[in-house]
Structure formats: C-alpha cells, structure tokens
Amino acid sequence: MAEEAEGGVPEEILSLWEREQAQLKARVVDRDTEEWQREPAFSGLRRVGGVDLSFVKGDCARACASLVVLSYPELEVLYEDNQLVSLSTPYVPGFLAFREVPFLRDAMQRLRDTKPSLVPQAGFGVACHLGILTDLPCIGVAKKLLQVDGLENNALHRERALRSHDRSTNPLYVSVGHKVSLQTAVRLTHSCCRFRIPEPVRQADIRSREHIRRTLGLPAAPEPAPKRSQKVHPKGNLEETLD
C-alpha cells in the first residue's frame, strides 16, 4: 500500500504535485503583457472575471464552482456559470489549486466554447495556477495571509497589505498571479472594489451561494451589508504565491 502524506494524499501524488508546481512556477510571467495594463485608466479593458468555490454547509466534498464576467469599468454582470461539483481531492495546505482549479478551468472552457466574446481580459480570485492554464492575466486575492516565502504574520505583513477603504481593519492580500505586474494588480484590484472584496470575486461568491440555496431548496440567509470602498492603502502590495 502506498504511503499517505498529509490529508490522505499518497506520497507519489504529492511528489507529482510538487513537480507540477515547480513547472508552473517556471512559466509565471510577473510583468504586464497587455496594452491596457499600461494605461492610467486601463483604457481597452472591457471585461473582468471572478471565480469562487462555495461549499455546501456541513459538507466538505460538495461545492458550487462559480465564474462571473463583469463589464469594466461599470462592474455589471455580463455572464455567470454556476455548477454544483463533488471534490474528491482532499485539502492539503499549499496545494489548494489541485483541489479547486479543475472545476474553474472547466467553467472557463465552457465560456470559451459558448460565448467567446465574453471571455474576461483579467481574472480575480486565483493566482498563478489558473492563469497559466487559461493563458489569462490573473490576480490572486485573499482575506487571509497565505503561504508566502519570507513574509511572516507580523507587523511587517500588515504594512504590505491592501486596504480597500480607510475605515477597514481587515485588509486584502493581493498576489500578482500571472501576466500582470504587482503595481498593476494593486491598481486594478482597487478600481474593482465597490466594497472590501473586488466586485468580480464578490459576485462569484454571492451567486455561488445563491445557486446552492436554490438547487438544494435551502432558506435564504440575510447578507450582511459590506462597507463601502474608498481608496487603497498607500503601501498596498504583496509578494506573489503559486496557490
């Protein structure tokens, strides 16, 4: 019987993931590659996407994978794809992408197959992994500090986090992902924040949860009113991570 690593994943699978991560990391482009990225107001950017996985309450194996596309700069929803999925891969810290990305990649492929004119020019909610697989500029955003080499959860990391408005005590952590510079990632994240969370990710989260509620016949839960965004913290930046 094969030995199992953390999360019940066989050692050979974990080794395979490590090799694939190294290969993907070598392909990461951490600079601006699109003309619109060089424009002060992102002229030429018309569509931004967001992805999210929302889990069925009390069930760590069932979730809704959501992809939304919003107009830019209006941030109005142009397209959404919500699918209930079953996750067979266990969660292993540092390898979250191998658990979730396949479903998000499938959603992007459905969009390309059915409505290619609505494919986003930039994506939120993921970093390098999905960006490389879809060949799209992608930005990672997280509510909590993820694994970052050389950055600890202390006063220094708080200085390097992005605050979506002045009164927020809960910062966002932004990673450059793929085919975008850190400076552009921070600017674009700020420009897409009506509230604390960038609107593409916020809409993906709202719509994935609503899809679960409707599909499973669950009662609607009241949504807390988020705080309004105003401006980014002047020191808002963060080093990129793979997951």
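Q: How many salt bridges does a search of the whole structure find?
A: Side chains of opposite charge can pair when their charged atoms come close. Here a salt bridge is a side-chain nitrogen of Lys or Arg within 4 Å of a carboxyl oxygen of Asp or Glu, and the search finds ten. This is a predicted model, where local features need pLDDT of at least 70 and side-chain atom pairs count only at pLDDT 80 or more, while totals for chains, interfaces and linings use all residues. Residues are numbered from 1 along each chain as its sequence is written, and side-chain values use heavy atoms, with hydrogens and water left out.

Q: Which parts does the salt bridge between Glu80 and Arg207 tie together?
A: Start with the contact: the closest N and O atoms of Glu80 and Arg207 are 2.6 Å apart. Glu80 sits in strand β3 (residues 77-86) and Arg207 in helix α6 (residues 199-216), so the pair ties together parts 127 residues apart in sequence. Helices (H or I, at least four residues) and strands (E, at least two) are DSSP runs, numbered from the N terminus.

Q: Is Glu199, the partner of Arg202, buried or exposed?
A: Buried means under 20% relative accessible area, exposed over 50%, and partly exposed in between (1.4 Å probe, protein chains only). Glu199 is buried, at 2%, and Arg202 is buried too, at 16%. Their closest N and O atoms are 2.9 Å apart, and the two residues, three apart in helix α6, are separated by about one helical turn.

Q: Which residues are linked with Lys179 in a network of salt bridges?
A: Glu34 and Asp135 join Lys179 in that network.
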